[in-house]
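Please open the structure in your viewer and keep the selection tool at hand.

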Amino acid sequence: MQDEPLLEIRDLAVEFPVGGRWTPVVSDACLGLARGETLGLVGESGSGKSITSMAVLGLVGELGGRVARGSIRFDGQEVVGAAPSLLRRLRGERIGMIFQQPGRSLNPAFTVGDHIAETVRRHRGVSRAQAWQRAVALLDRVGIARAAERARDYPHQFSGGMCQRVMIAMAISCEPQLLIADEPTTALDVTVQAKVLNLLRDLVSESGMSMLFISHDLAVVSEVTQRVSVMYAGQSVEDGPTAQMFAAPRHPYTRALLASIPGSGRQQRLKLIEGSIPSPDTVIPGCRFNPRCTCRVAGVCETRAIELRRAADGRSVRCVQAGGMAAAS
Amino acid sequence: MTLLVVEGLSKSYPRKRDFFGRVTDRLDAVSDVGFTLGRGETLSIVGESGAGKSTVGRLILRLIEPDRGRIVLDGVDLRAMPRGALRAHRRHMQMIFQDPFSSLDPRVEIGRSIEEPMLLHLPLSARERRARALALLERVGLDGGYAGRLPSGLSGGQLQRVAIARALAVNPKIIVCDEPVAALDVSVRAQVLNLMAELQEEFGMSYLFISHDLSIVRAISDRVAVMSKGRLVEIGPTEEVFAAPRNDYTVELIRAIPAMAHG
């Protein structure tokens with residue numbers, strides 16, 4: 001059982017109605033997350049990374065979409081099509097979640113202590129006093145100074161970074177096996193971001209939980225994750241250990257994305273990817289990236305769907321040229 | 001050659017009032033900020049949210065009225081000027097904002113949005129304006145067909161190109177860019193930054209680039225100014241500031257930049 005990944009997503013397709021037709025927003029997502037591991041899910045807007053995480057929580061239906069195909073197994077259990085009661089127990093208790101805008105997820109009429117105590121009481125059935133005590137302990141754990149006092153404050157009395165710490169305290173209150181962090185530091189200042197990332201890293205290493213870290217920021221991902229899965233326009237295109245992938249990316253999209261990050265020093269021009277991200281209702285035959293790809297093979301890339309293939313070294317890539325590239329790297 | 005001189009720029013807001021409505025406490029949003037901007041130069045202002053960097057941009061354009069300070073553009077003191085006369089000088093300073101979706105009127109076609117500043121500032125006929133708008137659209141990489149579209153039909157990167165075309169429409173000497181690529185996707189960001197660099201070479205205007213993203217600032221600026229709590233704490237050539245920051249806050253800011261795992 002322990003060798004089995006905690007989370008495994010296979011051939012996932014999620015559709016939403018666009019102009020009266022079911023349109024795939026995620027067309028082929030595949031990823032595996034081991035116990036105690038932190039996986040970065042990287043992609044630009046419209047890549048389907050957030051929708052994939054919503055599917056893990058069984059929330060696609062609530063958003064008006066549907067899972068059209070594929071499987072999501074969490075700790076050996078199938079999530080797709082699972083009963084609502086099971087999904088409710090999964091959310092909050094075994095899977096914690098934090099979002100980009102911490103302020104918007106907190107109710108301004110309740111103290112921050114109430115928020116955490118409520119989560120504890122709902123899932124653990126302890127007394128009010130015990131729940132409050134646990135809330136204070138959690139606030140202290142996530143680095144809020146004078147936690148007993150600050151627990152009585154309202155969200156507006158907290159800064160953005162502190163609100164994100166409160167969200168983290170709520171998310172870990174039931175000692176989940178998996179923490180999903182969707183762009184958790186995107187709205188924060190750079191010095192605050194560094195502190196929140198440190199906190200997340202500490203919590204993961206001391207609790208042994210896994211983390212699915214969703215971000216568009218490759219530098220941040222390189223700092224906190226062991227593995228990375230890259231998505232483009234609804235498909236997983238590359239997957240592998242963070243250091244190896246960043247040192248020698250195999251998919252042309254991953255390569256271009258890494259190259260477009262400014263290095264140090266004044267630059268005349270930045271390297272760039274031509275064109276723009278396709279909208280979900282654009283039909284692109286063959287490889288979804290081929291219209292923007294600089295190493296497109298005419299007659300191949302735009303004619304047939306490309307499979308995500310796993311190489312002998314455990315890295316996966318969805319590209320016809322991947323074999324040659326894997327040998328070269 | 002110096003184009004813009006800013007001296008002692010200050011702006012504070014009332015924070016607390018007593019029972020009689022008298023101000024008892026003020027928040028110094030910007031205090032005593034001074035710098036110069038050369039012709040064709042890119043100066044970046046960095047700092048965290050609340051540092052006052054966006055307020056400086058708006059004060060220079062007098063979108064917000066400063067409490068104190070001098071703003072001298074090409075030898076003309078803009079603060080000494082009455083608001084009516086200021087309008088004619090506004091064309092020399094244009095602005096690009098972070099969110100292209102909310103900086104263009106959703107009901108006005110792209111082409112007309114670009115023509116609008118010309119209407120105020122340039123003595124052109126309707127036909128000349130139209131032709132200039134189309135030429136500018138093409139110059140920022142969008143074909144003329146986009147002129148008739150509404151903003152909702154364009155992506156964020158395309159809209160930011162439109163915002164750039166509109167700023168260029170009146171041949172400004174300075175463009176204040178307030179986080180112009182912060183809302184854009186990584187792969188589109190480089191396209192917009194490169195376009196801005198090309199246009200600067202072609203037209204020779206200066207950029208005052210306001211950003212919290214130090215890795216971008218390092219790649220595109222000649223000089224960088226660091227702000228903290230309303231004050232300018234450090235200013236100098238970009239590589240000098242990054243290699244040997246003098247101020248403690250600058251050190252902290254540079255240390256917090258997430259580093260890529262590889263070289």
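Begin by selecting the residues where the two chains of this predicted model meet: chain B contributes 30 residues to the contact and chain A contributes 32 residues. On the side of chain B that touches chain A, four elements of chain B give two or more residues: helix H7 (186-203), helix H8 (214-220), helix H9 (238-243) and helix H10 (248-255). Select H7(B) among them; with 8 residues, H7(B) supplies the largest share of that side. Colouring the side by class shows 15 nonpolar, 10 polar and 5 charged residues.

Next, remain with chain B and colour its two domains: domain 1 (1-92 + 173-181 + 195-263) and domain 2 (99-171). Their C-alpha centres lie 26 Å apart. Where they touch, 6 residues come from domain 1 of chain B and 9 residues from domain 2 of chain B.

Finally, turn to chain A and select helix H4 (residues 112-124) and helix H7 (residues 160-172). How are H4(A) and H7(A) oriented to each other? The helices pack at an angle of about 15°, with their axes 8 Å apart, and H4(A) and H7(A) are therefore roughly parallel. The crossing of H4(A) past H7(A) is right-handed. To view the contact itself, display A:Val112, A:His115, A:Ile116 and A:Thr119 of H4(A) together with A:Val166, A:Ala169 and A:Met170 of H7(A). These contact residues comprise 5 nonpolar, 2 polar and no charged.

Notes:
Residues numbered from 1 in each chain as written. Chains lettered and ligands numbered in written order. Predicted model: local features only at pLDDT ≥ 70, side-chain atom pairs only at ≥ 80, totals over all residues. Contact = placed C-beta atoms within 7 Å. Nonpolar A, V, L, I, M, F, W, Y, C, P; charged D, E, K, R; others polar. Domains from an automatic or database assignment. Axes fitted to C-alpha atoms, helices over the stretch in contact; angles between N-to-C directions. Parallel < 35°, antiparallel > 145°, perpendicular 65-115°, else oblique. Left-handed = near helix turned anticlockwise from the far one by under 90°.
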